[in-house]
Every structure is written in structure tokens, then in C-alpha cells.
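Some notes on the aromatic residues follow. Please read them with the structure open.

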Amino acid sequence: MSECRIMLTPDEAGEFVKVANDCDFDIDIFYNSYSVDAKSILGVMALDFSRIMTVRYYGHNVNFENYLHHLAIAG
């Protein structure tokens, strides 16, 4: 399992879900106690984009990890 803290905008949500769907492992995105399947466009669009979110993923995909790096925040 790996984690990455990101900031996501509504404009980036569609691309995030698309990149997540190319992975053959589970990916969750959450903040506080609110968690959704990162491969669900409806779930991701329901997130509060003003919050720092944590992505937890259970596999390895270079394209996905590079995309997360683009969205990552320091800390």
C-alpha cells in the first residue's frame, strides 16, 4: 500500500479518474472520514476540492504514480 497527499480541482477530476481506471488495483481517495473509490467519477466529483486529500493505492503503475506526483503537495 502507498499513499500520496494531493490537491485536486474539479477540472482535474475527470483525468484523475481516467488515469486511475487504467490501473488493475484498488485506489481510494479520502479526507477525514470521507472515502470514495478513486475510479468512480461520481464519487470523486462529490469530494470537497478545497481540502487536501489522501490517495491510497494498492499496486504499482508508473503512469498513475507520475500523475500523482503532478498533483502532490509538500508535507
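1. Bear in mind throughout that the model is predicted.

2. Six aromatic pairs are present in the structure. One of them joins Phe16 and Tyr67, whose ring centres are 6.5 Å apart with 40° between the planes, a tilted arrangement. Phe16 belongs to helix H1 (residues 10-21) and Tyr67 to helix H3 (residues 62-71), so this contact ties together parts separated by 51 residues in sequence.

3. Is Tyr67 buried or exposed? Its relative accessibility is 14%, and Tyr67 therefore counts as buried, because the cut-off for buried is under 20%.

4. Phe25 and Phe64 form another pair, which is edge-to-face because the planes stand at 75°, with the ring centres 6.5 Å apart. This pair also links distant parts of the chain. Phe25 sits in the loop between H1 and strand S2 (27-31), Phe64 sits in helix H3, and 39 residues separate them.

5. On burial, Phe25 has a relative accessible area of 8% and is buried. Phe64, at 0% relative accessibility, counts as buried too.

6. Which residues make up the aromatic cluster? Phe16, Phe25, Tyr57, Phe64 and Tyr67 form one cluster. The two pairs described above, Phe16 with Tyr67 and Phe25 with Phe64, have their residues in this cluster.

Methods:
Residues numbered from 1 in each chain as written. Predicted model: local features only at pLDDT ≥ 70, side-chain atom pairs only at ≥ 80, totals over all residues. Heavy atoms only, no water. Phe/Tyr/Trp six-rings, centres within 6.5 Å; stacked < 30°, edge-to-face > 60°. Helix = DSSP H or I, 4+ residues; strand = E, 2+ residues; numbered from the N terminus. Buried < 20%, exposed > 50% of the residue type's maximum accessible area, 1.4 Å probe, protein only.
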